[in-house]
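These are my notebook entries from looking through one structure, written in the order in which I looked things up.

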Amino acid sequence: MSAPVTQVGVGDRVPLVDGIEKVRGVAKYTADLAAEGALVGRILRSPYSHAELLDVDISKAEALPGVIAVITGKDAPIPYGIVPIAQNEYPLAQEKVRYRGEPIAAVAAVDEATAEAALDLIELTVRELPGYYNAAASRAADAVLLHDNKPGNIERDVHSTFGDVEVGFAEADLVAEDVFHCEEVTHAHMEPHAAIAEYDPQRDHLTFHSVTQVPYYVHLMLAQCMDMNKSRIRVIKPFVGGGFGARTETLNFELVCGILARAAKGRVRMVLTREETFLTHRGRPAADITLKLGLSKTGRITAVKAEMEQYGGAYGGYGIVTILYAGALLNALYDIPAVQYDGYRVYTNTPPCGAMRGHGTVDMRHAFDTMLNRMARQLGLDPIEVRRANLLKAPTETLNGLQVTSYGLPETLDWVEQASGWKDRKGKMPKGRGLGIGCSHFVSGAAKPVQWTGQPDAVVNLKLDFDGGITILTGAADIGQGSSTVVAQIVAEVMGLDHSRLRVISNDSALTPRDMGSYSSRVTYMVGNATLDAAEKLKARLIRAAAKALETEPENIECAGETYRVANSQDQGIPFDKVVQTALIDHGAITERGTFTVPKSFQGGKHRGGAVGSTMGFSYASQVVEVSVDEETGEITVEKVWVSHDCGYPINPLAVEGQVQGAIWMGMGQAMMEETRFHEGLPLHANFLDYSFPTIMDSPDIEVHIVESMDPNGPFGAKEASEGGLAGFLPALAEAVSEAIGCDINDMPLTPDRILDALTKQRRAEKRRKAKA
């Protein structure tokens with residue numbers, strides 16, 4: 001007796017397809033892969049923040065019994081980087097070190113003790129240089145350049161003006177300007193970095209396993225830095241224990257591991273410590289923001305002028321993209337008639353920053369929405385009504401050329417206002433409690449990839465063979481966000497089949513088609529559309545086979561999942577397996593390819609840097625945060641969060657809710673406790689005891705509501721669901737705390753010491769006022 005068919009398609013609350021392995025503890029992460037026969041790889045890291053590297057003497061290390069290979073910068077002379085025009089980082093330092101922890105040399109040895117002993121035997125000769133740990137010091141007139149071709153230690157400065165800003169300020173009834181500072185934060189993903197590289201010297205082949213979010217880019221950079229043909233490299237991504245942007249570019253340890261395996265002519269396993277994982281970094285840079293905003297007496301925005309300095313760390317990485325995002329996405333949330341942006345990405349002698357959830361947008365959005373809340377107070381307006389006064393009307397194009405095709409922000413505002421009891425409670429909270437509102441948005445994948453090839457943005461292959469099972473072959477990296485589940489649901493929906501007929505194989509460059517990876521919330525939109533294309537092609541092929549078997553025309557065939565029959569007839573039809581066997585005649589195994597490419601009309605404005613921020617679909621979110629503040633200790637307790645997210649259409653509502661909750665938690669971390677700390681470049685935070693982040697004990701009740709705006713171009717109307725809600729938490733918390741304690745704070749995170757400092761200043765000011773009176 002056959003098992004009952006339980007088709008689960010789009011819109012259903014489906015557990016993740018890889019969830020069973022994870023909850024049973026049998027999922028294999030990179031560090032879990034068999035270490036038998038593998039050499040131990042270790043990296044010697046710089047103890048200096050900034051120094052000329054005069055000599056690296058490895059002779060004693062090479063002579064140590066059990067050491068198989070030692071490599072230095074001489075073995076890695078080719079630069080790399082995620083952005084082709086900003087590749088200024090090397091796997092191992094060349095002539096200069098620019099931050100404490102930068103890789104200088106690496107060893108492969110028979111065991112950990114020997115590898116560590118070998119590192120101790122490597123001798124460095126350097127000439128120390130001044131270290132610069134913030135933008136002001138790095139930009140000082142007498143500062144030594146970190147990179148000779150970057151005057152003023154500026155990686156990239158961005159200047160853009162859309163509309164007439166001065167006219168806008170002149171027309172405003174209220175103009176305000178303020179300065180904000182957000183500390184640097186990092187991803188704190190659960191799984192430390194790890195890689196396993198196996199080099200076959202007879203065939204000159206490399207097989208590489210890593211924790212990456214972007215296997216394709218790792219493949220490219222391995223080929224580039226090892227000067228190998230790409231066809232000789234195979235990259236496989238096992239399970240990944242969190243990414244959040246940390247692994248959206250090739251990382252130095254990955255390249256070091258590959259080069260070391262070739263030098264050792266064998267297999268090298270490199271598992272980084274938690275401290276080394278922190279040093280590899282790529283987190284959100286610290287930022288100084290000066291923001292000027294004009295409002296009419298009705299709350300209409302008349303003009304915006306923003307300046308941002310980001311402390312980018314020692315190398316380029318995603319820096320150019322990050323500083324461009326911060327300016328570009330001032331737009332597309334609210335209707336703004338005039339915007340001026342000046343951005344500066346500054347090199348510092350700290351670990352390189354990169355992409356992090358909400359890439360480029362979070363700090364600027366915090367400053368903007370915080371200013372909006374404060375100015376609403378000054379004008380005697382409801383902050384939610386101020387936002388309603390500035391809503392867009394989709395479809396529309398922003399001043400900087402961004403296309404908005406679906407826009408659920410009004411509905412998100414309506415829901416959080418009602419659910420939180422905003423109208424009855426805002427401004428009426430007891431002392432020590434407060435409510436705040438924040439809005440945010442994010443892209444559903446960058447419309448133009450950083451590595452432009454002219455190939456489709458996404459490719460998915462569906463393979464159907466004699467067993468009647470459909471194998472979904474995708475290069476999309478599932479890093480816990482549920483992308484493999486989404487593609488399975490889409491195929492199940494189109495084909496009308498039970499999940500038991502489907503299997504997903506992802507991220508093996510020898511088997512799966514190229515995909516650019518999991519970043520900028522691109523997978524559901526782009527890979528989902530490619531999957532939809534492939535599934536529709538496969539279904540059409542099977543309909544033709546069924547028509548042949550039933551001796552009719554394809555347009556007469558009705559597909560009912562496990563049965564194909566002639567429409568409007570009494571015929572019982574034929575089962576799916578027989579249709580498959582018919583389709584295989586004269587052909588054998590069937591593979592249907594689906595693709596998706598972003599049309600040029602969505603790839604941004606024509607101004608310099610205009611492609612950054614462009615997308616086919618923006619997600620939108622609103623949230624209300626309720627807090628209590630203990631004025632004796634400065635401790636904030638988040639009592640509840642109401643968040644409404646416009647994801648177009650939830651292909652998997654269960655996964656969407658989880659992703660939105662995750663965004664809130666990361667927003668909580670940045671807003672309340674997370675910050676990297678350095679002493680003369682030495683990290684003081686590089687473990688999970690000293691780097692604070694929210695745990696389940698800190699989690700408030702998070703009530704999630706989904707708005708379905710049905711994006712016209714997303715698969716089944718879907719768009720981004722993971723990053724758009726993060727940035728709104730910061731201004732919502734800041735406003736709630738301001739109401740609770742009666743004063744504004746411009747620095748993030750709002751730690752107890754900052755709360756107490758603000759209260760102390762407030763009390764002293766109050767005493768002075770009373771004394772004068």
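**Entry 1**

I began with Pro15, which I found in the segment before helix 1 (19-24). I kept in mind throughout that this is a predicted model. Is Pro15 buried or exposed? I looked up its relative accessible area, which is 59%, so Pro15 counts as exposed, the cut-off for that word being over 50%. I then looked for what lies around Pro15 and noted that, leaving aside residues up to four places away in sequence, Pro15 touches Thr485 and Leu654. I also looked up Ala655, which is 640 residues from Pro15 in sequence, while the two C-alpha atoms are 7.8 Å apart in space.

Next I turned to an open sheet of three strands, whose order I wrote down as 4-2-6 and whose pairing is antiparallel. I marked strand 4 (96-97) and strand 6 (123-128) as the edge strands, since each pairs on one side only. How many bridges join strand 2 to strand 6? I found six bridges between strand 2 (residues 51-57) and strand 6, and these two strands run antiparallel. Within this sheet I picked out Ala51, which stands opposite Glu128 in strand 6.

**Entry 1: helix 6 and what covers it**

I went through helix 6 residue by residue, and 10 of its 11 residues are buried, so I describe this helix as largely enclosed by the rest of the structure. Among the buried residues I listed Pro215, Tyr216, Tyr217, Val218 and His219, and also Cys225. What covers the buried residues of helix 6? I found that the cover includes strand 10 (205-210), strand 11 (233-236) and helix 7 (252-264). Just after helix 6 I stopped at Asp227, which takes a positive phi of about 50°.

**Entry 2: aromatic pairs**

The structure holds 13 aromatic pairs, and I looked at two of them in detail. Tyr217 and Tyr519 form a tilted pair, with 6.1 Å from centre to centre and 45° between the planes. This pair links distant parts of the chain, for Tyr217 is in helix 6 (residues 215-225) and Tyr519 is in the loop between strand 21 (502-506) and helix 15 (523-550), 302 residues apart. I checked how enclosed the two residues are: Tyr217 is buried, with a relative accessible area of 1%, and Tyr519 is buried as well, with 11%.

The other pair I followed is that of Tyr407 and Tyr620, which is edge-to-face, with 4.7 Å from centre to centre and 80° between the planes. Here too distant parts of the chain are linked: I found Tyr407 in the loop between strand 17 (403-404) and helix 12 (409-419) and Tyr620 in strand 26 (residues 618-629), 213 residues apart. Tyr407 is buried, with a relative accessible area of 10%, and Tyr620 is buried, with a value of 0%. I also noted a cluster in which ring pairs link Phe278, Phe688, Tyr691 and Phe693.

**Entry 3: charges over rings**

I then looked for charged side chains placed over aromatic rings. Lys292 lies over the face of Phe169, at 4.5 Å from the ring centre, and the charged end of Arg365 sits over the ring of Phe368, 4.9 Å from its centre.

**Entry 4: helix 15 and its neighbours**

How do helix 15 and helix 16 pack, and at what angle? I found an angle of about 95° between helix 15 and helix 16 (residues 576-584), with their axes 8 Å apart. That angle makes helix 15 roughly perpendicular to helix 16. Where the two helices meet, I noted Leu542, Ala545, Ala546 and Ala549 on the side of helix 15, and Phe576, Val579, Thr582 and Ala583 on the side of helix 16.

My last stop was an open sheet of three strands in the order 22-23-24, with antiparallel pairing. Its edge strands are strand 22 (557-559) and strand 24 (574-575), each of which pairs on one side only. Strand 22 pairs with strand 23 (residues 563-566) in the antiparallel sense over three bridges, and I found Glu558 opposite Arg565 in strand 23. Helix 15 packs on this sheet as well, touching strand 22, strand 23 and strand 24, and its direction makes about 55° with that of strand 23.

Methods
Residues numbered from 1 in each chain as written. Predicted model: local features only at pLDDT ≥ 70, side-chain atom pairs only at ≥ 80, totals over all residues. Heavy atoms only, no water. Pairing = 2+ DSSP bridges. Helix = DSSP H or I, 4+ residues; strand = E, 2+ residues; numbered from the N terminus. Phe/Tyr/Trp six-rings, centres within 6.5 Å; stacked < 30°, edge-to-face > 60°. Buried < 20%, exposed > 50% of the residue type's maximum accessible area, 1.4 Å probe, protein only. Lys NZ or Arg CZ within 6 Å of the ring centre and 35° of its normal. Axes fitted to C-alpha atoms, helices over the stretch in contact; angles between N-to-C directions. Parallel < 35°, antiparallel > 145°, perpendicular 65-115°, else oblique. Contact = heavy atoms within 4.5 Å.
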